[in-house]
Amino acid sequence: MLRSHDRFPYHPWAGRPQWSWPNGAKLALYLGVNLEHFSFGEGMGAELAPGGPQPDVLNYAWREYGNRVGAWRLLELLDELRLPATVLLNSTMLDHAPALIAAHAARGDELAGHGRSNAERQSTLPEAEERALIAQSTQAITQAGYKHPAGWLSPWIAESHVTPDLLAECGYGYSLNWCMDDMPVWKKTRSGRLLSIPYPQEANDIPAIIARKDGVAQFATMLVDDAMERLDQTKDGIPQVMGIALHPYIIGQPYRMRALRGALQTILAEREHIWLCTAGQIHAHVLSLPEGSIPQ
């Protein structure tokens, strides 16, 4: 027998319960805006071009463009299109770019935990150190005057064998780390359960544009096709979640912003059939459903 994670059993899509998101929608759509900070001259980070010896100024500065410019342009677009966002927040951003976090909070966006920095992984740490990382990140958010995050996305989607347990024990209600389904799934932990909400690894600008080298036109087409196909699929009566993952240092480049605007405008032409929400609102709605409505 192969080793199992023992967090949830296999559950086929066919035959799942039929229910609706608010306003009768069958498709819930959220935007995950990654606000990330990176250590200068050390640690991990996405690359525009192969990095040279540290300090790798080219790639560090390219990523920092997102915090200084791209994220602000993205905020303007969110306001223009009247879209909420789930901010996936490296806690070191609270010191690095506090005005940016405050701007998201002022428009009512959700702040979710995203580790201390994307210059590190939590999956390589001993349990006590990983627990401390989660606690430090969470405490930084609450000490800055924001509420305890309901959800968490690990930097680099990196989990240890005990990450779900530690998140539940630290007061988190949902995780975005697993991409194995199109609807929320309950995961077992040592202290109860943790909701797994789908976070996209396809409709995501890092895997698409950085890893696969897709052009922005291809990425924009992907977003539209993903949304339209899901709307067709939900005719089976089973609700779905679609996430769009955005990184301001990538999507915030001007020519990519123009393509993103067009894709979102096309999707929003179906606004009456879509519940535009945050990941936290998905979590709250699931908590209101009768037991057995979603796989567990």
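This is a predicted model: local features need pLDDT of at least 70, side-chain atom pairs count only at pLDDT 80 or more; totals for chains, interfaces and linings use all residues.
Residues are taken as buried when their relative accessible area is under 20%, as exposed when it is over 50%, and as partly exposed in between.

A pair of aromatic rings is described by the distance of the centres and the angle of the planes. In this model the count of aromatic pairs comes to seven. In one of them, the centres of the rings of Phe8 and Trp178 are 5.4 Å apart and the planes stand at 80°, so the pair is classed as edge-to-face, the angle being over the 60 degrees that this class requires. Phe8 belongs to the segment before strand 1 (27-35), whereas Trp178 belongs to the loop between strand 5 (174-175) and strand 6 (185-189), and the contact therefore ties together parts that are 170 residues apart in sequence. The two partners fall into separate classes of accessibility: Phe8 counts as buried because its relative accessibility is 16%, while Trp178, at 24%, counts as partly exposed.

Aromatic residues also take part in other arrangements. Trp19, Trp21 and Trp275 are joined into a cluster by ring pairs. Two arginine residues, moreover, place their charged ends over rings: that of Arg63 sits over the ring of Phe38, at 4.5 Å from the ring centre, and that of Arg193 sits over the ring of Trp186, at 3.8 Å from the ring centre.

The largest pocket holds about 300 Å³ of space. Its lining is made up of 15 residues, of which Gly108, Asp109, Glu110, Leu111 and Lys147 are the closest to the centre of the pocket. Strand 3 (110-113) and helix 10 (279-288) are the elements that supply two or more residues to this lining, and helix 10 gives the most, with four residues. In terms of residue class, the lining of the largest pocket comprises six nonpolar, six polar and three charged residues.

The second largest pocket has a volume of about 220 Å³. Among the residues that line this second pocket are Arg3, Ser4, His5, Asp6 and Arg7, together with Ile157, Glu159, Ser160, His161, Pro164, Asn177 and Trp178. Trp178, the partner of Phe8 in the edge-to-face pair, is thus also part of the lining of the second largest pocket. By class, this lining divides into three nonpolar, five polar and four charged residues.

Asp6, a residue other than glycine, has a positive phi near 60°; Asp6 is placed in the segment before strand 1 and counts as exposed, because its relative accessibility is 55%. Ile157 likewise is not a glycine and has a positive phi, of about 55°. The position of Ile157 is in the loop between strand 4 (151-152) and helix 5 (163-169), and with a relative accessible area of 29% this residue is partly exposed.

A cis peptide bond, with omega near 0°, runs from Gln54 to Pro55. Pro55 itself is located in the loop between strand 1 and helix 1 (57-81).

Definitions and conventions:
Residues are numbered from 1 along each chain as its sequence is written. Side-chain values use heavy atoms; hydrogens and water are left out. Rings of Phe, Tyr and Trp (its six-membered ring) pair if their centres lie within 6.5 Å; planes under 30 degrees apart count as stacked, over 60 as edge-to-face and the rest as tilted. Buried means under 20% relative accessible area, exposed over 50%, partly exposed in between (1.4 Å probe, protein chains only). A charge sits over a ring if NZ of Lys or CZ of Arg is within 6 Å of the ring centre and within 35 degrees of the ring normal. On a 1 Å grid over the protein atoms alone, a cavity is a set of points where a 1.4 Å probe fits but cannot get out, and a pocket is an open set with protein on both sides within 12 Å along at least five of seven lines; lining residues have an atom within 4 Å of a point. Grid points are joined across faces, edges and corners, and a volume is the space filled by probe spheres set on the points. Ala, Val, Leu, Ile, Met, Phe, Trp, Tyr, Cys and Pro count as nonpolar, Asp, Glu, Lys and Arg as charged, and the others, Gly among them, as polar.
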